[in-house]
Amino acid sequence: MPCQAFGDGIAVEIGDDGHEPDAVVNCGCPLAPDVAAVPHPAVVVEVLSPSTRSVGTGAKLADCLGMLSVRHHLILRADRPQVIHHRRSDDGAGIESRVLVDGSVRFDPLGSEFAIADFYPEDRSRGAVSGSRA
């Protein structure tokens, strides 16, 4: 199944509302580059600063995980290397969650894997996420 990664500025439609994550991977038919919202998000990535922490871990998280197409939801801390990985179980019936400070995240069934260090700059003393790769 072909997938496309999109950065900041594209919405995930949740009911009548939209939510703009920091990155999203959509799987299915290829979308136009100027699309405003993805119909089948498989991976949703949120980068949390102290001011957005409650938004990314509250209602929007529950809404995103309620979408059956979402297989992986990542929350990256901006102030230190830490990734919260929510993964839909293989049977689709539940969500498994892990907090990672090292190692890697595997995106099954998409077949991609990224080291936690890939999400953060070499100089961790700056305390900022260099960018998300989905």
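## His73 and its surroundings

Not counting residues up to four places away in sequence, His73 touches Val44, Glu46, Leu61, Cys64, Leu65, Ile84, His85 and His86, where contact means heavy atoms within 4.5 Å. His73 has its place in strand β7, which covers residues 72-77. Strands (E, at least two residues) and helices (H or I, at least four) are DSSP runs, numbered from the N terminus. With a relative accessibility of 1%, His73 counts as buried; the class buried means under 20% relative accessible area, exposed means over 50%, and partly exposed lies in between (1.4 Å probe, protein chains only). One of the residues that His73 touches is Cys64, and Cys64 is itself buried at 0% relative accessibility.

## Basis of the model

The model is predicted: local features need pLDDT of at least 70 and side-chain atom pairs count only at pLDDT 80 or more, whereas totals for chains, interfaces and linings use all residues. Residues are numbered from 1 along each chain as its sequence is written, and side-chain values use heavy atoms, with hydrogens and water left out.

## The sheet

An open sheet is formed by 6 strands in the order β1-β4-β6-β7-β8-β9, with mixed pairing. Two strands pair if DSSP finds at least two bridges between them. The edges are held by β1 (3-6) and β9 (95-100); each has a single partner strand, so one side of each is left without a neighbour in the sheet. On average, neighbouring strands of this sheet are turned by 10° against each other, direction ignored; the axes are lines fitted to C-alpha atoms, for helices over the stretch in contact, and angles run from 0 to 180 degrees between N-to-C directions.

Strands of a sheet pair through backbone hydrogen bonds, in either the parallel or the antiparallel sense. Strand β4 (residues 23-27) is paired with strand β6 (residues 41-48) in the antiparallel sense, over 4 bridges. Within this pairing, Val25 has Val43 in β6 as its bridge partner.

## His85 in strand β8

Another histidine, His85, is found in strand β8. At 2% relative accessibility, His85 counts as buried. Its side chain is joined to that of His72 by a polar contact of 2.8 Å. A polar contact is a pair of N or O atoms within 3.5 Å; within protein, one must be able to donate a hydrogen and the other to accept it, and residues adjacent in sequence count only if both atoms are side-chain atoms.

Leaving aside neighbours within four places in sequence, His85 is in contact with His72, His73, Leu74, Glu96, Ser97, Arg98, Leu100, Val105 and Arg106.

## Salt bridges

Side chains of opposite charge can pair when their charged atoms come close. The structure holds 6 salt bridges, a salt bridge being a side-chain nitrogen of Lys or Arg within 4 Å of a carboxyl oxygen of Asp or Glu. One of them links Asp90 with Arg71, the closest N and O atoms being 3.9 Å apart. Asp90 lies in the loop between β8 (83-88) and β9, and Arg71 in the loop between α2 (59-65) and β7, so this pair ties together parts that are 19 residues apart in sequence. Asp90 counts as exposed at 62% relative accessibility, while Arg71 counts as buried at 19%.

Asp90 also meets Arg87 in a salt bridge between their side chains (2.6 Å, N to O). Arg87 is buried, having a relative accessible area of 16%. Through salt bridges that share partners, Arg71, Arg87, Asp90 and Glu96 are joined into one network. A further salt bridge is formed by Asp79 with Arg77, with 2.7 Å between the closest N and O atoms. Asp79 is partly exposed, at a relative accessible area of 35%, and Arg77 counts as buried at 12% relative accessibility.

## Cysteines and the disulfide

A search of the whole structure finds 1 disulfide, defined as a pair of cysteine sulfur atoms within 2.5 Å. Cys3 and Cys27 are joined by this disulfide, with an S to S distance of 2.1 Å. The torsion about their S-S bond is about 100°, so the disulfide is right-handed. Cys3 lies in strand β1 and Cys27 in strand β4, so the pair ties together parts that are 24 residues apart in sequence.

Cys3 counts as partly exposed at 36% relative accessibility, whereas Cys27 counts as buried at 6%. Cys29 is exposed, with a relative accessible area of 65%.
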